[in-house]
Amino acid sequence: MAIAHDTEHAPRPPSGMWRRTLPLARTVIGLWLGWRWLRVQRRLLGEERTSEATRRFHRGAAAAVVRRALRQQGLIVKTCQFLGSRADILMDEYVRTLSLVHDQVPPRPWSEMRPVIERELGGPMAELYADFDIDPVAAASLAQVYRARLHDGTAVAVKVQYPGIDRIVRDDLRALRMLVEIWARIEKVIDFRPVVDEMERTAPEEVDFIHEGEAAERLASLLADRDDVVVPGIYWERSSRRVLTMDYVDGIRIGDVAAQRAAGVDTPQVAASLIDLYNTMILERGMFHADPHPGNLFVVPGEGRGSKAKVGIVDFGLTKTLPEEFREQLIVLTSAIVSEQPEAITGTMEGMGFRTRERDEQTYAALGEAFLGDVLRSGKAYADQEMVADINARLGRVLRANPLVEVPGEVILIARVMGLLSGLGKMLDSETDLLEALMPYLDPDMEAVAG
């Protein structure tokens with residue numbers, strides 16, 4: 001066994017419904033009140049005279065969110081990791097601060113994690129692994145990862161679930177449900193309840209590592225014909241519901257652009273591979289990794305000069321399989337958005353499960369443009385802050401008149417993936433023509449697209 005110093009004892013996250021809900025609610029309410037007061041000041045004094053106050057508020061708000069996430073841990077950390085990846089739409093104050101959550105989740109001490117491994121795998125560490133570095137290489141929202149070596153010499157990563165995390169996830173879901181229900185009574189334009197609906201559906205799978213290992217193997221099989229992706233193999237004899245042993249992906253974090261360039265990696269090529277990989281998964285194969293934040297993606301440099309880098313994917317807890325009918329509808333919808341056919345957009349969205357208060361083609365067309373159309377026709381490789389602000393303003397006007405009442409959960413996950421990929425595209429200086437990248441996957445029978 002490797003000899004290493006134990007990690008410093010980390011503070012335990014609060015447990016229990018109210019001990020997790022009340023601090024989170026205080027933070028959210030405090031930030032909301034501060035934002036409302038800032039809006040009053042900007043109306044009275046003008047944007048120019050309040051610009052410094054605006055910057056101070058956003059810096060302070062981002063720091064407050066990070067502090068709360070690191071104290072709460074659990075699903076709150078996962079939320080911050082998602083927001084910190086949105087370099088395309090969030091102000092720099094938020095991106096710089098929230099992205100730190102990837103590296104600042106306090107690791108649990110070895111004294112807490114070792115019993116989980118030995119209990120789950122049914123033996124002492126020396127029998128389970130030839131070598132095990134007890135200093136974790138990553139600490140995430142639900143688990144932390146160690147580097148180890150099997151008795152045959154294979155380098156592996158061992159993902160170990162935090163003790164009691166399943167109870168924390170249940171409490172966080174109840175807290176988020178309560179907060180979004182209150183929000184829905186106050187704000188009518190954006191309804192966050194469908195997002196929590198989807199989190200409630202997917203959270204049980206994220207704390208079941210058997211499900212994650214099986215999803216990794218299915219996805220590896222689906223992508224076996226591609227030479228630009230690495231999916232780690234699973235070692236089932238060293239895995240259980242709370243421990244997952246897999247191949248160690250030796251790569252550079254996708255957010256570390258400087259290290260990639262130092263290794264000779266063409267970052268726009270990585271961005272292009274990533275876009276095509278997700279087009280393949282979502283539109284062609286019907287199964288996709290739904291959590292592509294920077295902590296879950298690595299870049300594996302090519303072996304020879306000028307060879308193409310590969311994208312390494314880890315953490316398959318949030319992986320979605322699309323029903324075949326839904327996948328086909330998604331292709332038709334995307335084709336209709338590209339070819340600007342409002343009637344087809346409306347009919348397809350309704351068939352997929354979208355519902356607005358009143359049936360209106362204008363509303364569905366606006367949703368289609370917000371979902372994809374504006375970005376594709378912009379000629380840009382990703383959605384920038386100005387574009388997103390314009391989309392949100394126009395969409396807000398439409399939804400105030402005719403709100404959404406139902407959104408299919410699959411679309412929420414796909415929209416989340418698109419947002420994360422857009423943020424990564426900006427980080428990687430993407431040069432990809434998104435419309436050109438999408439065309440091979442669209443419906444050739446739609447005249448405007450084919451022509």
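Tyr278 has a relative accessibility of 2% and therefore counts as buried, a term that stands for under 20% relative accessible area, with exposed meaning over 50% and partly exposed the range in between (1.4 Å probe, protein chains only). Tyr278 belongs to helix α12, where helices (H or I, at least four residues) and strands (E, at least two) are DSSP runs numbered from the N terminus. If residues up to four places away in sequence are set aside, Tyr278 touches Leu283, His289, Pro292, Val417 and Leu421, contact being defined as heavy atoms within 4.5 Å.

The model is a predicted one, in which local features need pLDDT of at least 70 and side-chain atom pairs count only at pLDDT 80 or more, while totals for chains, interfaces and linings use all residues. Residues are numbered from 1 along each chain as its sequence is written, and side-chain values use heavy atoms, with hydrogens and water left out.

Met281 also lies in helix α12, which spans residues 267–285, and because its relative accessibility is 0%, Met281 counts as buried. Leaving out residues up to four places away in sequence, Met281 touches Leu219, Leu223, Gly286, Met287, Phe288 and His289. Between Met281 and Thr321 there are 40 residues of sequence separation and a C-alpha to C-alpha distance of 9.5 Å.

The packing of helices can be followed next. The axes of helix α8 (residues 165–186) and helix α9 (residues 193–206) come within 9 Å and cross at roughly 165°, and that makes α8 roughly antiparallel to α9. Here axes are lines fitted to C-alpha atoms, for helices over the stretch in contact, and angles run from 0 to 180 degrees between N-to-C directions; angles under 35 degrees count as roughly parallel, over 145 as roughly antiparallel, 65 to 115 as roughly perpendicular and the rest as oblique. The residues in this contact include Leu173 and Arg177 of α8 and Val196 and Glu200 of α9, and by class the contact of α8 with α9 has 8 nonpolar, no polar and 5 charged residues. In these classes Ala, Val, Leu, Ile, Met, Phe, Trp, Tyr, Cys and Pro count as nonpolar, Asp, Glu, Lys and Arg as charged, and the others, Gly among them, as polar.

Helix α8 also meets helix α1 (residues 17–45), the two axes coming within 9 Å and crossing at roughly 40°, and α1 and α8 are therefore oblique to each other. Among the residues that make the contact are Trp18 and Trp32 of α1 and Asp171 and Trp183 of α8, and the contact of α1 with α8 divides into 11 nonpolar, 1 polar and 4 charged residues.

Of the contacts with a separation of 6 or more, 71% join residues 24 or more positions apart.
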